[in-house]
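The sequence and the model are shown first, and the description follows.

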Amino acid sequence: MNPTTPSLVQQVIQKRWLGKAFILLLTLLAAWRIVTALLENPTLFLQQVVNGLQLGFVYALIALGYTMVYGIVRLINFAHGDVFMVGAFVSYYSITRFQLHTWLARLAPGLPEGVVLVIGALTVMAVSMAACAILAIVIERVAYKPLRNAPRISALITAIGVSFFLEYFAALQFVFSPNFITYKRPIQVVTWAISPNGITTLGGGNAPPEGSILFSNIALIIILTSIALMLGLQFIVKQTRIGKAMRTVAYDKQTARLMGINADAIISITFAIGAALAGAAGMLYAIAFPQIFFWMGIIPGLKAFVAAVLGGIGSIPGAFIGALIMGQAEVLSAAYISTPLRDAIAFSILIIVLLVRPTGIFGEPEREKA
Amino acid sequence: MNKMSKSTLWFLGGSLLVYVVLQTLVSTGLLNSFWNTIIRLGGVMVIVSIGLNLIYGINGQFSLGQWGFYAIGAYAAADVTYRWSVNKSADGLVVLMLATTLSAIAILWLHKRLSKVRGLDSLSAFTIYLTATVLLSALSVQIGMALTPVITSLLTALPAAIAMQIVYLLAVLFSAVLAAEISYLFGLPILALGSDYFGIATLGFTIIVKILLDNSDSLLGFVEMKGARGMVGIPKLTSLFWVFIFIVAVVIVTRNLLRSSYGRAILSVREDEIAAKAMGIDIAEYKVIAFVLGSFFAGLAGGLYAHINGFLHPDTFNFIKSFDPMIVIVFGGLGSITGTVFASFAWALVLEGVLRLFLPEGFETWRFVVYPLLLLIIMLLRPKGILGDFEIPFLRQVLPQPRKKEQNTPAEANA
């Protein structure tokens, strides 16, 4: 045989066609399902996309914490989802017990209601962010720092231990109680129906016009807050001295120490920032799905973690993109493929993406350890 | 040689003694059925954890998929014995045995052929294997259904108790083979990933298995598994005897594997992949071997577990529980088999027994508050496990004899 023209079999092997065909087949199946769904009922499809966006932005906030911590200490911080849960509960108690969302009205009764609500809701969010940040610093100091030089698996086991502890401690009767609690939203839900004919506000029993997409102020709040927080994070990481130090420590801890950076303090700050984002996410998630309980952190935490891996763990834009993909995957597969299988589909996507890009979408190839 | 057989005798005698003592305690009623169950659960945990120790502790592949294979083994074995004891039909057994045997033959045959093909990527290989096994499984369902009446009448000719035990043993063993085959298919493309990514992909596998089990009646068509309501009516056949037999078998297999050249190769992959490659070791091959054997043990343990309580629920195979064997092997000391056995029983006794029974009144809900605290304290005090790398003599690695002085001298003289 002429060596310059390899046989068909050789070509199939060299070009990895079989594996590619398999992946392509799966992708085509999914794409076909989505396209038919879009053609069948475009408004319903767009509605699902909007719902997926809302979910995706919440996942993005949680995923950032995973990705930052992993980037800097190479630890899968399994307790992060439970920090998210604590954030939701802190915001719940600051609303129900301390009426924190109306503090401005009590202080200055004459102010317009809108201002009071915005300032109040932001205060509640700030409180849960602060609480989560403190909690994360405590966890880091008590559970992770002593194990910094131990094998990585030890820190992972402690992370699981911390996660269990937070869950079941929260489940105790005098802490957050083991019950489902209905979340009291600090703001009223307003739903808009967006159709080609214009925007109408729903309420008072009027049905949405034909062919309209429902969009609530909650989705708007979630998307805007998430974007604001992410821009803030991007600013901190890229523009400030702390962010520079964080990037340095993530790149090389030993050298960072030699450059006079207090690596332990930077690691604590990273944990705190990640947890603060999770705290905000906890509140947003509770506003969107107003039922909170001690296990609520596990599944969103896991999804966000998958999102971080999907995007390339350690990469901040990756976490964001990954989370949006996860949000869409979850909502669309629930709507068009199979509701009970939606999580399975999300994980299958993860596995397939890892097969094609072994370090996630934005991940850098793994460096050889020196 | 003499010393080795002495340690073997010690090991076998010791296990026999432990078994006899426990069995007497159980038979005389000194240990009630609660503790009997806990000991058997601990025993099952030993087998899962040794499997995981092989994958993670010894081969260095961070796998969270162990619990998924455990679930597969449990449900497959339970389904077979359920069909036999309730439906009086050996169809489950026949189909399982046929499918696993045919797939095993196909996998081995294909493996022999495909490993010679240079440059074949793992994903393409996976596609070939998947197609082959799916086709063969469909075929074996057809053949199995035709064979079922014959096998059923053969088995019913035997005394009922003996037939039951035969079905049980075959179910447990072939479910383990099933778990191993699935792990082979899954591991082939996945094992090429970096360590953390491999862990996450296997975690995804565990979650997918759990979700499928949640919908086993509606989506997979196994009505008797009852999906998220939990499978009931599985015969309770796993006695202390079987648990002990399987633990001893698994320990001996692992120990002999570790002493063989295969074991050394598996160990070298953990120590340094590049150096191992330089020594001519086919890293991918040995990763797969460790992963498949570890999953085989997981499937085996699953089969045993299914027949302890007589019911199965998908929540048992939740991904949160999938960290349990990881916790056990880290506590026992990574790579240490003695430590794994010890930690598994300690885990079962503490978590299922002591914390359930001896928490003061009004503090029952504190069980899972105390458990992670214990976890944290032990981890902070002994990050390398309770026993470190201690092994009983039977399980110790035989290190190469140190070189004799005479051999060294010329080398030193040259230097």
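At what angle do helix α3 (residues 66-85) of chain B and helix α4 (residues 91-114) of chain B pack? The angle is about 140 degrees, and the axes lie 7 Å apart. The contact is formed by B:A76, B:D79, B:V80, B:R83 and B:W84 of α3(B) with B:D91, B:G92, B:L93 and B:L96 of α4(B). These residues comprise 5 nonpolar, 1 polar and 3 charged.

The model is predicted: local features need pLDDT of at least 70, side-chain atom pairs count only at pLDDT 80 or more, and totals for chains, interfaces and linings use all residues. Residues are numbered from 1 along each chain as its sequence is written, while chains are lettered from A and ligands numbered from 1 in the order in which they are written.

Along its principal axes, the C-alpha trace of chain A spans about 90 × 65 × 40 Å.

| Domain of chain A | Residues |
|---|---|
| domain 1 | 64-292 |
| domain 2 | 297-361 |

The domain centres, taken over C-alpha atoms, are 20 Å apart. In chain A, 14 residues of domain 1 are in contact with 15 residues of domain 2 (C-beta atoms, placed from the backbone, within 7 Å). On the domain 1 side, α3 (42-73), α4 (80-96) and α8 (217-239) of chain A each supply at least two residues.

Definitions and conventions. Axes fitted to C-alpha atoms, helices over the stretch in contact; angles between N-to-C directions. Helix = DSSP H or I, 4+ residues; strand = E, 2+ residues; numbered from the N terminus. Contact = placed C-beta atoms within 7 Å. Nonpolar A, V, L, I, M, F, W, Y, C, P; charged D, E, K, R; others polar. Domains from an automatic or database assignment.
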